[in-house]
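Dear colleague,

Please find the structure below. A short account of the findings follows it.

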Amino acid sequence: MSLVGEQVLLRIYLQSADRPPHVPTHERIIHAARKAKLAGATVIRGILGAGHHGMIKPSAWSIVEHVPVIIEIVDSPEQIVRFVQESLDPIMVGGMLTLARAAVMMYRQRSHDKPDSLQLTAFLKPLSTMPQIQPGSHMKIQENGVLLRVFIGESDKFQHKPLYEAIVQKTRELGLAGATVLRGAEGFGANSVVHKAQLLEMSSDLPVVIEVVDSEDKIKLLLPHLETMVQEGMITMEYVVILMHRHKG
């Protein structure tokens, strides 16, 4: 099977403490993805986040780990639609899903697969290749939105506090749907200095990515604040389809 070409990237935003009734939701989703024979799935753990329940961050006093979690799955539009409507709806009781274009340039299942010829794909109108999904029993909202990514350093500050914390707090103040902070293991930015985690290093200026998803109007409220807060870094955006899951009751 070849996935090279126009496909769909499904991103599922959760928190690690979600476990109805006992197994973490992200583990149940991975199991369901394998059962559905999807091409693959990746679980990414964040270090800080904000959602409709409030701030999501580790606590030394909690037995259950509280960190944001993102699951990324790339597959054909047909497979993604079937998975969201038939497998995800019974599992998820909260969280957010986004759908975005994924132009797959290479997909190899085995080392002896015929090599793909890597080529950049043509520009397409945003969201023009997105499949239509019928909301399930837990899906309350479906709308087109924006995924904003802010690339900064972990040691960057704003008003004497970590910049990434200040940005997440600002998204809460503005009433945005949520934000997730991801820490990289190595990277470099505009000044070309390479930063990476060392085994015995107590403090590192590691790369950090803040992801914010909401409607275009809500994202526009955040932009003037980012202009002031981010003194060095990069900000990107892409259009996505948003599906919100809310708890029963």
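A residue is called buried under 20% relative accessible area, exposed over 50% and partly exposed in between, using a 1.4 Å probe and protein chains only. Arg11 is buried, at a relative accessible area of 2%.

The model is predicted, so local features need pLDDT of at least 70 and side-chain atom pairs pLDDT 80 or more, while totals for chains, interfaces and linings use all residues. Numbering starts from 1 along each chain as its sequence is written, and side-chain values use heavy atoms, without hydrogens and water.

Arg11 belongs to strand S1, residues 5-15; strands (E, at least two residues) and helices (H or I, at least four) are DSSP runs numbered from the N terminus. Leaving aside residues up to four places away in sequence, Arg11 touches Ile70, Ile71, Glu72, Met96, Leu97, Thr98, Leu147, Arg149 and Glu211, contact meaning heavy atoms within 4.5 Å.

Helices H1 (residues 25-35) and H2 (residues 77-91) pack at about 150°, with axes 10 Å apart. The axes are lines fitted to C-alpha atoms over the stretch in contact, and angles run from 0 to 180 degrees between N-to-C directions. H1 is therefore roughly antiparallel to H2, a term for angles over 145 degrees. From H1, Thr25, Arg28, Ile29, Ala32 and Ala33 meet Phe83, Ser87, Leu88 and Ile91 of H2.

In helix H3 (residues 163-173), the buried residues are Leu163, Tyr164, Ala166, Ile167, Val168, Lys170 and Thr171. Gly175, which follows H3, has a positive phi, near 75°.

With kind regards

Notes:
Parallel < 35°, antiparallel > 145°, perpendicular 65-115°, else oblique.
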